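Thanks for coming, everyone. Let me put the model on the screen, and then I'll walk through it.

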Amino acid sequence: MTVWWGAAELADGKTARVGIGPLDCWIEHRGREWRSGFETVEREDAHVSRDWPTDARDFSALDLVSRAVVATTSGEITIKPALADRPVVTRPDHEFVVPPGVEATIYVGSPVWLQLFVGPTTTLPLRELPIVRPSDTWFGPTIGDGELCYAARTSCRLDRAALPDRPYRATTAVTVRNNSDTSLTIERMKLLVPRLSLYTSADGRLWTQDAVFRRDQGTDFASFEPTPGPPAVLAGAAPTEISTPREDVTHALVRAFGSLLR
Amino acid sequence: MEDLKTILEQLMANPMATRLGRALVILAIGATLTLFIPGRVSLVGVQPQRMFFVRKVVRYLLAVFTFVWTLRELGFDLGVLLGAAGVLTVAIGFAAQTVASNLISGLFLMGEHPFGVGDIIDVGGVAGEVLSIDALSVKIRTFDNLMVRVPNETMLKSNVTNRTRFPIRRVDMQMGVAYKEDIAKVRELVLAVADANPICLEEPRPLFIFNGYGGSSLDFQLSVWTTHANFLDVRYTMHERIKRVFDENGIEIPFPHRSIAMASSGEPFEVRVTSGD
């Protein structure tokens, strides 16, 4: 997979384009002003392309056009991926059952955001948006009590080699441990994505920290625990941490709702 | 300087002057406390509207206390005042029943907290944003920017609908298609429109409810969930997209149909209205 993120220079008066999956991001630099706009294009999921620089573009034809004024005329710009700003609820395509005493590691995907930073610092993005806007969804025991999340479908793959190439998705290795004496049927899982770090592998694939869902004896609840450090799949491969968690992790243990994992 | 000293000594020897001086000091201290202390009262976890009410109560109590103590220092017999106040209270009570009822209703509203400042509510045919919850009334700003004052007594006695109490709400859309259409296909198309709209929540799942065989159409309801912020957006975009999908798939949204017969046993005949003479 080709890497679409990184730091670059865009000279004054120049325009550039970055294509990631179905999204084209257009950037224009004019002195202290930066313009950005987006366009959805029908093409294959694995598409990654860059035109840097390219011919001037009519920004009035683009969506979500924004102009920003910065302190300097420097042409330094950084494009980074980031994880979602809300938890992501993943639903298996089919019912997924983990028998008692069994531990299974499944690979689930979550949407990735594109962030634009201008200048040397990369703490506050000038602009950010999801590459593919995920659907909103509600996660909670009732419609009055819960949390607004993003929805994602997952195939709950057990085989890492079967993961599709999608540059706009990050993969999380989720270990489900059923320590109880009844089967655990997974209908949906809430991944606390804002609390995870994002890493990249040598092949350009995006990975988050690993996570563990643990269900103990005598409870309907399953806890979500991020595993500190880079994902195990990147062990020994000098992984690069691209972005840190959006939320400060003060408690690594968060209870999911019992009605959703049984 | 000697004259001033003499005057002061004479004043201090005069009991009335001493009392007046003490009363003025009490009044000054009381007025200062009344001005500054209520603003500094702060209770953790109390909503701003209730805090505002608490501060008002503290201010009034300090003012009354200052007033009574000043009068006492000046030598007024408070017993007489209390007696007069008792009679006055009865008279005022009869005249101020509505005020008292609103005041007490306001206390119950604050305790029950069915809505807060900023919520969108419907009461007595008025819908709008709650601007303030005061001692006697609730102020509402309607969607066309009018200010409506609703007495607290009315709020307590009426059904109040709080549109923004819960984070998500359902958008119900009534539709009808021609009798010749395939209900299963219509269902598939409208649910696909809902699934493709990212601001329609994936869960709770959109609902397709068949309402019945109408006079001119097959009637159904599509219900989708969304956040408050996206409510109007969903209501508009869903109708627009469903209409487009219906047009693309040749699904007819019928006009009302009527059959006219000239005689009790006659066959109905086709009627076509044309313009012109």
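**Surface, cores, pocket and salt bridges**

B:Leu11 counts as partly exposed because its relative accessibility is 43%. The cut-offs: buried is under 20% relative accessible area, exposed is over 50%, and partly exposed is in between, with a 1.4 Å probe and protein chains only.

Some ground rules. This is a predicted model, where local features need pLDDT of at least 70 and side-chain atom pairs count only at pLDDT 80 or more, while totals for chains, interfaces and linings use all residues. Residues are numbered from 1 along each chain as its sequence is written, chains are lettered from A and ligands numbered from 1 in the order written, and side-chain values use heavy atoms, leaving out hydrogens and water.

Back to B:Leu11. This residue sits in helix H1 of chain B, residues 2–13. Helices here are DSSP runs of H or I with at least four residues, strands are runs of E with at least two, and both are numbered from the N terminus.

Now inside. Which residues touch the most other members of the largest nonpolar core? A:Trp4 and A:Leu114, out of 51 residues. Strand S10 of chain A, residues 103–118, gives this core its largest share, 7 residues. A separate second core has 24 residues, among them B:Val177 and B:Met238. A core is a set of buried Ala, Val, Leu, Ile, Met, Phe, Trp, Tyr and Cys residues joined through side-chain atoms within 4.5 Å.

Next, the largest pocket. Its space is about 650 Å³. On a 1 Å grid over the protein atoms alone, a pocket is an open set of points where a 1.4 Å probe fits, with protein on both sides within 12 Å along at least five of seven lines; lining residues have an atom within 4 Å of a point. Of the 31 lining residues, the closest to the centre are A:Ala152, A:Arg153, A:Arg166, A:Tyr168 and A:Arg169. Elements giving two or more residues to the lining are S10, S13 (147–154) and S14 (169–178) of chain A, plus helix H7 (183–196) of chain B.

On to charges. There are 30 salt bridges over all chains. That means a Lys or Arg side-chain nitrogen within 4 Å of an Asp or Glu carboxyl oxygen.

A:Arg166 pairs with A:Asp45 at 3.5 Å, N to O. The two are 121 residues apart: A:Asp45 is in the loop between S4 (33–40) and S5 (48–54), A:Arg166 in the loop between S13 and S14, both loops in chain A. A:Arg166 is partly exposed at 30% relative accessibility. A:Asp45 is partly exposed too, at 35%.

A:Glu103 and A:Arg177 meet at 2.7 Å, N to O. This bridge links S10 to S14 in chain A, across 74 residues. A:Arg177 is partly exposed, at 29%.

Compare A:Glu28 and A:Arg35, whose closest N and O atoms are 2.9 Å apart. A:Glu28 is buried at 7%. A:Arg35 is buried at 18%.

Terms used. Points joined across faces, edges and corners; volume = space filled by probe spheres on them.
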